[in-house]
Amino acid sequence: MRLLFVLLHAVLLAGILPAVVAQEEKWSGADALAEDKIMEITGGEYKPWFSPIWEPPSGEIETFLFSLQAAVGAVVIGYFVGYFRGVREGMRRKGAS
Amino acid sequence: MHIAEGFLPSPWWYLWFLVAIPVLLIGLRRMRVIVDRSPEAKVLLALAGAFTFVLSALKMPSVTGSCSHPTGTGLGVVLFGPAVTSVLASIVLLFQAMLLAHGGITTWGANVTSMGIIGPLAGYAVWRLTSSLSTSRRVFLAAAVADLATYVVTSLQLALAFPSGEGGVLRSFEIFAGIFALTQVPLAITGGIVTVAVFRYLLELRRDLLVELGIVSGRGVRT
């Protein structure tokens, strides 16, 4: 379990470190880079034949929606893990009384 | 990071739909069996879905100087197998295509195939083939492989649709894998570690439930 604790901190660090060390990089999304490559391969001829029905109007709003996605997921995880804990606690008390 | 809206020409976009839809139907049927079985299995299902939601929202910097996000399908793969995981992934991909302009409706079939089907299948194969290792190691390997394989498939899908003028599909695959798969390596490791943390906590809390569902064996399990 201690190893896992160390690894989880390493994960946190790994999430931030690259951006601190190499500040000259653009850190754009891998999907945007792939779009550039598609243009290169097709000689700039490829036109996306469908565009998103709705796009977040700004980077801020996009970040907000991504955060919301993570938050909703985290709430669900927290709630049900808490539920499991409660069930176990309940079983233990029942056994004790 | 998924294939962007409109970036797969005919016939590729609908071919991938044809691959994805039958698997999704099987997944839905399996899901119903799980839900009918016990309310607690339903809770695990919600957990696996929520886990994918969280992890695929986290765009992180990687060694290549670009960003991507883990897929978070590993927990679903280990708990319920690839068919059910495909349904969980398809929901996340639909949400991101509709509200975030991330991925796309026309590329949904291709993205479900990579993130929801072939990636999880690869992870599941690893999970099944490594039964001699400790549970934590198996979970880590299954999650990391499911993640990485997703982007190998994405690269292949793009290479098939856009073969390079010189060198063809193989050269294109090299190019796209250099972007997607390489960026994904550290993120797959990260995702794997987080998956192990959640799985171990579940095992600590409700080993009885995981045993009942046949995910881990009852006695003498090494974690």
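**Two chains, asked and answered**

Student: Which residue takes a positive phi just after α4(B)?
Tutor: Ala101(B) does, at about 50 degrees. This is a predicted model, in which local features need pLDDT of at least 70 and side-chain atom pairs count only at pLDDT 80 or more, while totals for chains, interfaces and linings use all residues. Residues are numbered from 1 along each chain as its sequence is written, and chains are lettered from A and ligands numbered from 1 in the order in which they are written.

Student: What makes α4(B) a helix, and how do you know that its span agrees with its number of residues?
Tutor: Helices are DSSP runs of H or I with at least four residues, strands are runs of E with at least two, and both are numbered from the N terminus. Helix α4(B) covers residues 82-99, which is 18 residues. The expected span is 1.5 Å times one less than the number of residues. That gives 26 Å for α4(B), and its end C-alpha atoms are 26 Å apart, so the two agree.

Student: Why is α4(B) called largely enclosed?
Tutor: A residue is buried if 20 or more other C-beta atoms, placed from the backbone, lie within 10 Å of its own, exposed if 12 or fewer, and partly exposed in between. In α4(B), 13 of the 18 residues are buried, so the rest of the structure largely encloses this helix.

Student: Why is Leu3(A) called exposed?
Tutor: Leu3(A) has 8 other C-beta atoms within 10 Å, so it counts as exposed. Its place is in helix α1 of chain A.

Student: What do the buried residues of α2(B) pack against?
Tutor: They pack against α3 of chain A, and also against α1 (12-37), α3 (74-80), α4 and α7 (168-212) of chain B. Among these buried residues are Leu44(B), Phe51(B) and Phe53(B). Helix α2(B) runs over residues 39-55; its 17 residues should span 24 Å, and its end C-alpha atoms are 25 Å apart, which agrees.

Student: How do you know that the radius of gyration of chain B agrees with a compact globule?
Tutor: The radius is taken over C-alpha atoms, and the globule rule is 2.2 Å times the number of residues to the power 0.38. For 223 residues the rule gives near 17 Å; chain B has 17 Å, so the two agree. Of its residues, 59% count as buried. Its C-alpha trace spans about 60 × 35 × 30 Å along the principal axes.

Student: What makes a residue of chain A count as in contact with chain B, and how many do?
Tutor: Two residues are in contact if their C-beta atoms, placed from the backbone, lie within 7 Å. By that test, 47 residues of chain A are in contact with 51 residues of chain B. On the chain A side, α3(A) gives the largest share, 16 residues.

Student: How much confidence does the predictor place in chain B?
Tutor: pLDDT is the predictor's confidence in each residue, from 0 to 100. Chain B has a mean pLDDT of 94, and 98% of its residues reach 70 or more. The model scores ipTM 0.90 and pTM 0.94.
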